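Thanks for coming. I will take the ligand site, then the sheet.

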Amino acid sequence: MGINKKSDLETYFRTNNSRLIHKWIHYFDIYERHFNKFRDTEVVILEIGVSHGGSLQMWKDYFGEKATIFGVDIDPRCKDFEEENIKICIGSQSNRSFLRALKKKIPKVDILIDDGGHTMEQQIVSYEELFCHVKENGIYVCEDLHTSYWLRYGGGHKRRGTFIEYSKNFIDHLNAFHSEQKSLQVSAFTTSVDSIHYYDSMIVIEKRKIEAPCDEQTGIASFRNEGHQKRTKTQKIKEKYRIFFLTKINKILRFFGQSGFIWK
Ligand SMILES: C[S@@+](CC[C@H](N)C(=O)[O-])C[C@H]1O[C@@H](n2cnc3c(N)ncnc32)[C@H](O)[C@@H]1O
């Protein structure tokens with residue numbers, strides 16, 4: 001968004017006289033960046049955390065009349081906020097059986113927003129059960145990740161078990177095609193995730209079918225023996241030994257937890 005230009009969602013939020021909505025203000029620009037392409041399509045949305053129902057109404061207004069919105073909340077009172085194109089399912093986002101039953105009940109979604117209870121267990125269980133229920137070109141959003149730093153939520157900087165620490169593994173899986181270790185192999189995440197976006201308090205994972213990456217060169221090399229110019233036999237042998245020794249040395253260094261050694 002341009003400077004001072006409010007997104008449609010923020011404008012809706014600021015002029016909202018309908019059901020209560022609770023969002024961090026900087027989320028609106030992030031929503032706009034990632035959600036805009038789904039407007040006026042037959043988009044399916046699932047938001048965990050209904051509260052007073054205001055955000056579900058906001059999605060309905062933003063995405064248009066072709067959108068189908070599902071909400072999940074542990075509070076049975078939320079069922080009252082159902083209306084045309086808004087369905088609400090009551091259950092806990094940390095209950096795997098409930099989430100598995102939910103997947104059978106509702107279609108795969110284009111956008112999933114986890115704005116539920118924000119505990120580590122809730123965020124991790126919901127991700128583990130529902131990520132596969134986001135469509136091939138869909139988006140998984142987990143909000144209020146600042147709880148990963150709050151003691152009262154079991155958070156802390158680099159603390160084991162937080163959603164932030166858990167999500168750092170996503171970065172490895174995104175790059176797994178390049179891994180040389182058995183401990184990191186191409187996974188369903190690698191082949192289905194296009195990009196991971198970290199913002200203050202929020203992660204946005206965009207899905208897309210991913211093939212093994214490849215690189216190519218085009219154009220004319222500016223230096224001898226670079227680019228796709230032919231190398232001499234001696235140069236080829238030298239390069240082979242360089243790679244062999246570098247690999248051996250680095251295997252040993254890696255085993256002892258030491259940083260890498262290279263020479264060009
Ligand atoms: C932050 S509020 C949701 C705000 C709403 N999305 C909005 O933007 O206005 C969090 C909601 O998560 C619900 N919640 C808490 N624990 C939950 C759980 N284990 N499973 C599902 N929902 C839960 C609460 O009942 C509450 O309604």
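**Ligand shell and sheet**

By class, the residues in the shell around the ligand are five nonpolar, 11 polar and five charged. Here Ala, Val, Leu, Ile, Met, Phe, Trp, Tyr, Cys and Pro count as nonpolar, Asp, Glu, Lys and Arg as charged, and the others, Gly among them, as polar. This is a predicted model: local features need pLDDT of at least 70, side-chain atom pairs count only at pLDDT 80 or more, and totals for chains, interfaces and linings use all residues. Residues are numbered from 1 along each chain as its sequence is written.

Of the 21 residues around the ligand, the nearest are Gly49, Ser51, Ser55, Gln93 and Gly117; a residue is near if its C-beta atom, placed from the backbone, lies within 6 Å of the molecule. Strand S1 (44-48), helix H3 (54-63) and strand S2 (68-73) each give the shell at least two residues. Helices (H or I, at least four residues) and strands (E, at least two) are DSSP runs, numbered from the N terminus.

Now the sheet. It is open, with seven strands in the order S3-S2-S1-S4-S5-S7-S6 and mixed pairing; two strands pair if DSSP finds at least two bridges between them. Strand S3 (86-90) and S6 are the edge strands, each pairing on one side only.

What joins S7 to its partners? Four bridges link S7 (residues 202-207) to S5 (residues 134-142), antiparallel, and six link S7 to S6 (residues 193-199), also antiparallel. Val141 stands opposite Val204 in S7, and Lys207 in S7 is the bridge partner of Val193. The hairpin of S6 and S7 has two residues between the strands, and Ser201 there takes a positive phi near 70°.
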